[in-house]
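Here's a quick briefing to read alongside the model. Have the viewer open and follow along.

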Amino acid sequence: MRPRLVLGSVAFSLLAGCGDPKPSAEALALGQKIYAQHCAACHGAKLEGQPNWRSPLPNGRMPAPPHDESGHTWHHADAVLFGITKYGLVSYAPPGYQSDMPAYAGKLSDAEIWAVLSFIQSHWKTKEVLEARAEMARNAER
């Protein structure tokens, strides 16, 4: 398949099944590839984040948090995670919060962002996290 056709089919499957706990293998593979290219340098190859991610760096900015279950990423609704990834933290962080998280609008398509989020979410497996995420999804539907 040509890259555009693959990306198009991945985009369709992601958008058609937003919140689906079992994204396609294509979406996960694409997300893993994009994560490695754009996210792993800060958030870690194993989603582990930077050391002492809850404490400001000497420059006042916050380190990259983990995206595994030890971090806070899973506490956020899908729409918030998408918005932070696409637009950066400006609209989501408290006033004065400083981070090196870039906005990926113009660098990644919406389908690519959803693929990365699906890849990250595929690592959340504990009962606590899955139940909390299911509750968030139910609340988002209301």
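Gly83 sits in helix 4, where helices are DSSP runs of H or I with at least four residues, strands are runs of E with at least two, and both are numbered from the N terminus. At 2% relative accessibility, Gly83 counts as buried; buried means under 20% relative accessible area, exposed over 50% and partly exposed in between, with a 1.4 Å probe and protein chains only. This is a predicted model, in which local features need pLDDT of at least 70, side-chain atom pairs count only at pLDDT 80 or more, and totals for chains, interfaces and linings use all residues. Residues are numbered from 1 along each chain as its sequence is written, and side-chain values use heavy atoms, with hydrogens and water left out.

**Around helix 4**
- Leaving aside neighbours within four places in sequence, Gly83 is in contact (heavy atoms within 4.5 Å) with Gly88 and Tyr92.
- Gly83 and Tyr104 are 21 residues apart in sequence, and their C-alpha atoms are 9.7 Å apart in space.
- Buried residues in helix 4 are Leu81, Phe82, Gly83, Ile84, Thr85 and Lys86, and their cover includes helix 5 and helix 6 (127–141).
- Just after helix 4, Gly88 takes a positive phi of about 85°.

- Thr73 belongs to the loop between helix 3 and helix 4, and it is buried, with a relative accessible area of 6%.
- Not counting residues up to four places away in sequence, Thr73 touches Pro66, His67, Leu81 and Trp124.

- On a 1 Å grid over the protein atoms alone, a pocket is an open set of points where a 1.4 Å probe fits, with protein on both sides within 12 Å along at least five of seven lines; lining residues have an atom within 4 Å of a point.
- Of the 33 lining residues, His43, Pro65, His67, Ile84 and Met101 are the closest to the pocket's centre.
- Helix 2 (25–38), helix 3 (40–43), helix 4 (78–87) and helix 5 (110–121) give two or more residues to the lining, and the largest share, four residues, comes from helix 4.

**Whole chain and confidence**
- The protein chain has six helices and zero strands, and 33% of its 142 residues count as buried.
- Among contacts between residues at least 6 apart in sequence, 52% join residues at least 24 apart.
- Mean pLDDT (the predictor's confidence in each residue, from 0 to 100) is 86 for the chain, and 85% of the residues reach 70 or more.
- Among the elements, helix 1 (residues 3–16) has the lowest mean pLDDT (40) and helix 5 the highest (98).
- Over residues 1–18 the pLDDT is below 50, and this stretch has 18 contacts in the model beyond near neighbours in sequence.
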